[in-house]
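Good morning, and thank you for coming. Please look at the sequence and the structure as I bring them up.

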Amino acid sequence: MYAVVRHTYQLDIPEPNNPNSTKSSAKWVHRVWIFETELDALSYAISLLDDPLIRSNEYMLKSAINQLKEDRFYQVGRESVAIAEVVYDDNKKSIH
């Protein structure tokens with residue numbers, strides 16, 4: 001099994017049309033999706049690159065896709081997408 005891991009900054013802007021609003025906030029969010037095959041995980045990881053926080057232009061998109069294919073990891077600033085193999089530890093009976 002394979003996992004796609006996404007670290008992103010989630011913005012909450014309840015009054016987007018009010019430039020003087022003080023109600024906006026943000027926090028780090030870490031998400032994981034599990035897939036049966038590495039190809040499914042790679043396909044999903046590439047789909048996450050449509051996020052404007054991680055994709056800036058077409059050249060960067062091509063570079064990001066290449067890095068995911070080659071290294072199973074892409075990072076820009078603090079935003080990242082990674083593909084990991086799910087490992088079962090028989091001693092602890094947990095997933096790492």
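Met1, Val32, Ile34 and Tyr88 together make a nonpolar surface patch with about 400 Å² of accessible area. Patch members have over 30% relative accessible area and no salt bridge, with like charges joined within 9 Å and nonpolar side chains (Val, Leu, Ile, Met, Phe, Trp, Tyr) within 5 Å. Areas follow the Shrake-Rupley method with a 1.4 Å probe, and for residues only the protein chains shown count as cover. A salt bridge is a side-chain nitrogen of Lys or Arg within 4 Å of a carboxyl oxygen of Asp or Glu.

This is a predicted model, in which local features need pLDDT of at least 70 and side-chain atom pairs pLDDT 80 or more, while totals for chains, interfaces and linings use all residues. Residues are numbered from 1 along each chain as its sequence is written, and side-chain values use heavy atoms, without hydrogens and water. The chain has a mean pLDDT (the predictor's confidence in each residue, from 0 to 100) of 88.

Is Glu79 buried or exposed? Glu79 is buried, at 7% relative accessibility; buried means under 20%, exposed over 50%, and partly exposed in between (1.4 Å probe, protein chains only). Its side chain makes polar contacts with those of Arg6, at 3.0 Å, and Thr8, at 2.7 Å. Such a contact is a pair of N or O atoms within 3.5 Å; within protein, one must be able to donate a hydrogen and the other to accept it, and residues adjacent in sequence count only if both atoms are side-chain atoms.

Finally, Tyr44 is partly exposed, at 27%, as is Trp33, at 25%.
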